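User: I want to learn how to read a structure like this one, feature by feature. Can we take it step by step?

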Amino acid sequence: MILYTIVTGLTALLGLGLGLFVYFHKPHTPLKISWVIFSCTVGFWSLGYFVSLSAISYQISIISSRLSHASGAFIPITFFHFVLVLLRQDIQHRKLLKIGYLIAASLFFCSLTPLVVRDVLPKMGIPYYPDAGFLYVVYSIMYLSFVGYAHLLMIRAIRNTKGLEQRRIIYLFTASFLGFSGGISLF
């Protein structure tokens, strides 16, 4: 599964690179800031996954897998936050954002323990693949609910907008749907 490992490495480079590129491109608007945070979260998650999959020892793999999942706990809520800022709906969903960030922070700390990633085991030709812990179900539900709701909001916005704004939302919807569809295989 060398290809799988290479793809996670490329995702790390692209996520962190794109996040830094947008960060250094001024001005710093709420939309750009929310994108940078989301993009870097994906980059750090993927970097940890890359190290875990290419690790030469059990100890390195389990530590990097747990760190990867810890940063990955923020992917669904930072994506949701970015979509809300893009659609100018962050004020209406402030309470849901707070709840989402609280859950993500809790999952962050739980991911550093065996509660999210119990162990790393040989699977699918990969020597150290993460094995789900007790709270992995909550981790998965967080992804499905926040990412799914963000996509639903984008569908609604596509129907209610026109022109460039509509095309921008369609492009984001398509790209993020494809990206998250590929990422769902990790669950």
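User: Take G17. Is G17 buried, exposed or partly exposed?

Analyst: This is a predicted model. The general idea comes as a pair of cut-offs: buried means under 20% relative accessible area, and exposed means over 50%. G17 has 34% relative accessibility, so it counts as partly exposed.

User: Where does G17 sit?

Analyst: G17 belongs to helix 1, residues 2-23. For a sense of scale, take I2. G17 and I2 are 15 residues apart in sequence. Their C-alpha atoms lie 22 Å apart in space.

User: Next, helix pairs. At what angle do the axes of helix 2 and helix 3 cross?

Analyst: Helix 2 covers residues 30-54 and helix 3 covers residues 58-72. Their axes cross at roughly 165 degrees and come within 8 Å. An angle over 145 degrees counts as roughly antiparallel. Helix 2 is therefore roughly antiparallel to helix 3.

User: Which residues make the contact?

Analyst: On helix 2, they are T41, F44, W45, G48, Y49, V51 and S52. On helix 3, they are I60, S61, S64, S65, S68, H69, S71 and G72. By class, this contact between helix 2 and helix 3 has five nonpolar, 10 polar and no charged residues.

User: And what is the handedness of that crossing?

Analyst: Helix 2 passes helix 3 in a left-handed crossing.

User: Now helix 4 and helix 5. How are they oriented to each other?

Analyst: Apply the angle rule again. Helix 4, residues 75-86, packs against helix 5, residues 94-111, at an angle of about 160 degrees. Their axes are 9 Å apart. The two helices are therefore roughly antiparallel to each other. Their crossing is left-handed.

User: Which residues meet there?

Analyst: Helix 4 brings I77, T78, F80, H81 and L84. Helix 5 brings L96, L97, G100, Y101 and A104. By class, the contact of helix 4 with helix 5 has seven nonpolar, three polar and no charged residues.

User: Last, strands. In what sense do strand 1 and strand 2 pair?

Analyst: Look at the bridges. Strand 1, residues 117-123, pairs with strand 2, residues 126-132, in the antiparallel sense. The pairing runs over five bridges. As one reference point, K123 stands opposite I126 in strand 2.

Definitions and conventions:
Residues are numbered from 1 along each chain as its sequence is written. This is a predicted model: local features need pLDDT of at least 70, side-chain atom pairs count only at pLDDT 80 or more; totals for chains, interfaces and linings use all residues. Side-chain values use heavy atoms; hydrogens and water are left out. Axes are lines fitted to C-alpha atoms, for helices over the stretch in contact, and angles run from 0 to 180 degrees between N-to-C directions. Helices (H or I, at least four residues) and strands (E, at least two) are DSSP runs, numbered from the N terminus. Angles under 35 degrees count as roughly parallel, over 145 as roughly antiparallel, 65 to 115 as roughly perpendicular and the rest as oblique. A crossing is left-handed if the near helix is turned anticlockwise from the far one by less than a right angle, and right-handed if clockwise. Contact means heavy atoms within 4.5 Å. Ala, Val, Leu, Ile, Met, Phe, Trp, Tyr, Cys and Pro count as nonpolar, Asp, Glu, Lys and Arg as charged, and the others, Gly among them, as polar. Two strands pair if DSSP finds at least two bridges between them. Buried means under 20% relative accessible area, exposed over 50%, partly exposed in between (1.4 Å probe, protein chains only).
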